[in-house]
2 protein chains.
Amino acid sequence: MSENKIPYKIYLNENEIPEKWYNLRADMKNKPAPLLNPGTMKPMTAEELTPVFCEELVAQELDDTTPYVDIPQEIRDFYKMYRPSPLVRAYCLEKALGTPAKIYYKFEGNNTSGSHKLNSAIAQAYYAKKQGLKGVTTETGAGQWGTALSMACAYFGLDLKVFMVKVSYEQKPFRREVMRTYGADVTPSPSTTTNVGRKILAEHPGTTGSLGCAISEAVEVATTNEGYRYVLGSVLNQVLLHQSIIGLETKAALDKYNIKPDMIIGCAGGGSNLGGLIAPFMGEKLRGEADYRIIAVEPASCPSFTRGKYAYDFCDTGMICPLAKMYTLGSGFIPSANHAGGLRFHGMSTTLSQLYDDGLMEAVAVEQTSVFEAAEQFARTEGILPAPESSHAIRVAIDEALKCKETGEEKTIVFGLTGTGYFDLVAYQKFNDGEMTDYIPTDEDLAEAAKLLPEVPDEYK
Amino acid sequence: MSENKIPYKIYLNENEIPEKWYNLRADMKNKPAPLLNPGTMKPMTAEELTPVFCEELVAQELDDTTPYVDIPQEIRDFYKMYRPSPLVRAYCLEKALGTPAKIYYKFEGNNTSGSHKLNSAIAQAYYAKKQGLKGVTTETGAGQWGTALSMACAYFGLDLKVFMVKVSYEQKPFRREVMRTYGADVTPSPSTTTNVGRKILAEHPGTTGSLGCAISEAVEVATTNEGYRYVLGSVLNQVLLHQSIIGLETKAALDKYNIKPDMIIGCAGGGSNLGGLIAPFMGEKLRGEADYRIIAVEPASCPSFTRGKYAYDFCDTGMICPLAKMYTLGSGFIPSANHAGGLRFHGMSTTLSQLYDDGLMEAVAVEQTSVFEAAEQFARTEGILPAPESSHAIRVAIDEALKCKETGEEKTIVFGLTGTGYFDLVAYQKFNDGEMTDYIPTDEDLAEAAKLLPEVPDEYK
């Protein structure tokens with residue numbers, strides 16, 4: 001099909017929504033390292049994980065050999081309410097840049113949660129319901145995950161208890177109200193409703209909370225209440241599995257018009273969006289069927305890929321979760337002055353970490369003000385107000401398109417536009433007022449944080 | 001095609017975006033009454049209107065005989081970035097209600113402005129650009145229109161000055177920041193930048209502003225600055241013309257599956273959404289080709305159709321605009337304690353007023369708390385957080401579907417879901433906290449406000 005036939009938005013039909021998720025790990029020669037029990041320093045077993053997580057999700061977490069997993073019909077029915085999401089040809093951005101490059105973006109923001117998080121939230125809620133649970137618990141920082149999960153739990157009639165980092169609870173009352181509208185019980189963390197919360201409040205009376213603390217409270221409630229389990233929106237392998245629907249739809253839309261991308265670009269915090277977007281492309285690369293440049297974009301303020309260590313570390317600042325081998329800045333690392341809430345995690349998906357260590361993908365770190373410049377240019381030309389997280393990918397997509405302008409190469413660029421920025425306008429206001437600053441940790445900052453990395457047996461180093 | 005083949009979302013292709021807007025007035029036997037010059041009490045001429053409005057828009061405003069108007073290619077290209085919008089089958093809501101009715105909604109909220117306002121904003125910006133203007137001015141209350149226009153002006157490189165009602169400017173800083181991100185100059189009204197603003201501030205030092213005052217400031221700037229014109233997002237015939245794209249797409253999507261609706265439901269403030277949604281259906285009705293129930297839904301707190309008078313009145317509280325014959329509560333009427341910002345206008349589109357007076361459509365007024373109950377039910381089942389304005393239509397669609405449950409009738413209901421509620425969470429919070437109240441003006445309130453209706457010559461009564 002000739003190029004000028006490519007529409008602005010490539011929509012698949014509902015019956016083209018993938019029937020199976022793709023499990024990237026099945027095609028990896030070097031599997032991601034197993035989670036370790038910090039007590040025994042042995043790989044976590046299904047038995048150890050099931051008191052915390054839903055049974056079927058534990059099975060998905062541990063399965064690194066089955067390439068395709070059926071998407072249950074109930075989940076596909078929910079997907080039909082907001083999927084397939086469009087793959088958009090950024091004609092207006094290309095024109096504004098004057099680039100010969102062809103730019104496409106997969107837009108995951110057209111649902112009320114405002115991001116791709118809903119793809120895994122509905123799956124996790126479904127398995128909890130199927131197991132006969134009363135409800136689930138979780139933590140949320142910026143609030144995208146909590147919002148998505150509250151929608152999913154409302155749909156399946158599950159109870160949901162969200163521990164929201166206190167500073168976000170107070171600064172983002174609108175996110176909180178969306179969750180409440182969907183029936184979720186939202187508690188600012190640390191709270192007096194849990195042992196760990198009371199302990200932290202006693203030790204640090206004025207604390208505004210942290211994601212690590214909120215995780216600890218959510219896990220405590222899940223494990224001490226009959227009929228509850230804990231769920232998590234990123235980092236885990238099961239989440240990447242569910243998010244593979246992003247990449248599978250992207251690939252199906254490109255195939256429809258015989259488009260072969262040269263590079264796939266995505267922002268990376270814990271890795272849920274990037275791991276999902278690249279899954280089928282990386283699969284082809286692993287199987288030797290095709291080659292693509294795959295680029296992870298992270299904030300310069302929290303540069304786990306580009307300046308972290310590949311080592312076993314705690315997933316939470318409270319050091320109660322299993323150890324994961326990943327690119328990490330150390331579980332005590334606190335990114336400063338960074339508004340891109342969803343990319344503030346100190347570590348990275350174990351799957352993506354292994355792929356990066358194997359040289360199968362690149363990573364680049366970008367600074368906040370340049371990210372918001374890209375966000376503004378994108379908003380004004382393509383009409384969508386992007387989330388700060390997503391705008392990291394926009395920045396690098398624009399940079400690559402401008403390189404094409406210099407060289408005259410007609411490269412095809414695909415990036416993930418994970419969500420919208422309607423709840424991030426405090427950050428936009430800072431940018432509009434010229435008051436946004438950049439922050440890059442010093443080598444000394446990183447060395448200090450890395451001191452907290454746990455000791456593990458030699459075989460896991 | 002059998003019913004179970006109808007997808008959750010009916011999307012048209014890009015090449016099915018209508019090529020012409022439909023001008024409902026051409027098929028009306030009783031034309032809407034002309035605008036009157038309040039000085040001469042004679043119909044406004046094109047010459048009188050062109051110092052304020054763009055030339056081509058004046059022509060559209062006055063043309064009540066041409067049934068179809070070409071949509072310029074530049075506007076159609078912009079439409080392709082967010083249109084066609086989906087017509088959604090509300091399978092999940094139907095199931096939750098247990099109704100045999102079939103419910104469809106046309107969802108206009110999937111763009112950054114969050115509402116249908118963008119359909120006319122891009123058209124008005126285009127004609128301003130085509131006329132060689134430097135920029136346009138407007139007022140905004142809740143902020144949907146200002147946001148839409150800022151996106152449109154960014155796209156065509158036009159300067160935009162928005163006068164935002166001061167209380168909204170302060171209470172809705174996020175709306176303001178979206179407009180600024182798109183490059184608009186946003187001034188709280190009343191301001192010291194205009195004569196009328198300074199005069200009002202001198203007389204009422206503590207005022208938080210009003211839409212009428214903001215209109216006056218925007219018109220003053222447009223008429224006293226070379227290369228500027230004033231634009232308006234509702235009420236006017238030209239706006240209904242542009243918004244006919246909503247109805248034309250809805251009809252095309254229904255026709256594709258041989259669906260014949262029994263009733264079309266839309267919320268009504270100034271009438272821009274409702275006039276656009278019903279246009280082709282009302283056209284068939286006017287030409288005797290089909291019959292539909294057409295229902296306007298307005299807030300009980302601002303009941304222009306159900307409790308107003310059909311008479312000439314000022315469109316603005318400042319009494320500087322032309323007189324329009326419409327259902328009105330009087331230009332001095334101030335709706336109290338109503339969060340549905342976009343439905344607070346004291347009057348109604350002249351076209352819709354005439355159709356209502358001719359018995360061609362119905363109107364119903366609903367109370368705020370019942371509207372938010374419907375909004376919450378809709379959000380939890382259909383996954384979209386609706387704007388309070390749109391939720392008025394949801395309320396009546398649900399009520400009609402519940403009547404079908406009683407009678408067993410399988411009626412087909414179509415309603416307009418004009419936008420999303422991401423910037424209305426203060427209202428949702430009130431509802432979630434059980435602090436929302438209803439307000440219905442007394443007969444005395446209405447009689448008092450109606451005293452301000454201007455005297456017009458007998459021939460226009």
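This note sets out, point by point, features of a predicted model with chains A and B.

1. Basis of the note. Residues are numbered from 1 along each chain as its sequence is written, and chains are lettered from A, with ligands numbered from 1, in the order in which they are written.

2. Extent of the interface. Chain B places 42 residues in contact with 42 residues of chain A (contact means heavy atoms within 4.5 Å). About 4000 Å² is buried between the two chains, and carbon and sulfur atoms give 56% of that area. Buried area is the accessible area, taken with a 1.4 Å probe, that two parts lose on being put together, summed over both.

3. Four salt bridges are counted between chain B and chain A; a salt bridge is a side-chain nitrogen of Lys or Arg within 4 Å of a carboxyl oxygen of Asp or Glu. A salt bridge joins the side chains of A:Asp433 and B:Arg180, at 2.8 Å from N to O. Between chain B and chain A there are also 25 residue pairs in polar contact, both residues at pLDDT 80 or more. A polar contact is a pair of N or O atoms within 3.5 Å; within protein, one must be able to donate a hydrogen and the other to accept it, and residues adjacent in sequence count only if both atoms are side-chain atoms.

4. Elements on the chain B side. Helices H3 (73-82), H6 (144-156), H8 (173-181), H15 (368-382) and H17 (425-432) of chain B each give two or more residues to the side that touches chain A. The largest share, six residues, comes from H8(B). Helices (H or I, at least four residues) and strands (E, at least two) are DSSP runs, numbered from the N terminus. The residues of this side divide into 21 nonpolar, nine polar and 12 charged; Ala, Val, Leu, Ile, Met, Phe, Trp, Tyr, Cys and Pro count as nonpolar, Asp, Glu, Lys and Arg as charged, and the others, Gly among them, as polar.

5. Packing of H15(B). H15(B) packs against helix H16 (residues 388-407) of chain B at an angle of about 85°, with the axes 8 Å apart. H15(B) is therefore roughly perpendicular to H16(B) (angles of 65 to 115 degrees count as such). The residues that meet include B:Phe372 and B:Phe378 in H15(B) and B:Ile394 and B:Ile398 in H16(B). This contact divides into eight nonpolar, four polar and two charged residues.

6. A salt bridge within chain A. The structure holds 62 salt bridges over all chains. One of them joins the side chains of A:Glu56 and A:Lys130, at 3.1 Å from N to O. This pair links distant parts of the chain, 74 residues apart, with A:Glu56 in helix H2 (residues 55-62) and A:Lys130 in helix H5 (residues 118-130) of chain A.

7. Backbone points to check. Most residues other than glycine have a negative phi, and most peptide bonds are trans. A cis peptide bond joins A:Arg83 and A:Pro84, with omega about -10°, and A:Pro84 lies in the loop between helix H3 (73-82) and strand S4 (87-89) of chain A. Another cis peptide bond joins B:Ser189 and B:Pro190, with omega about 5°. A:Val235, although not a glycine, has a positive phi of about 65°.

Note on methods
This is a predicted model: local features need pLDDT of at least 70, side-chain atom pairs count only at pLDDT 80 or more; totals for chains, interfaces and linings use all residues. Side-chain values use heavy atoms; hydrogens and water are left out. Axes are lines fitted to C-alpha atoms, for helices over the stretch in contact, and angles run from 0 to 180 degrees between N-to-C directions. Angles under 35 degrees count as roughly parallel, over 145 as roughly antiparallel, 65 to 115 as roughly perpendicular and the rest as oblique.
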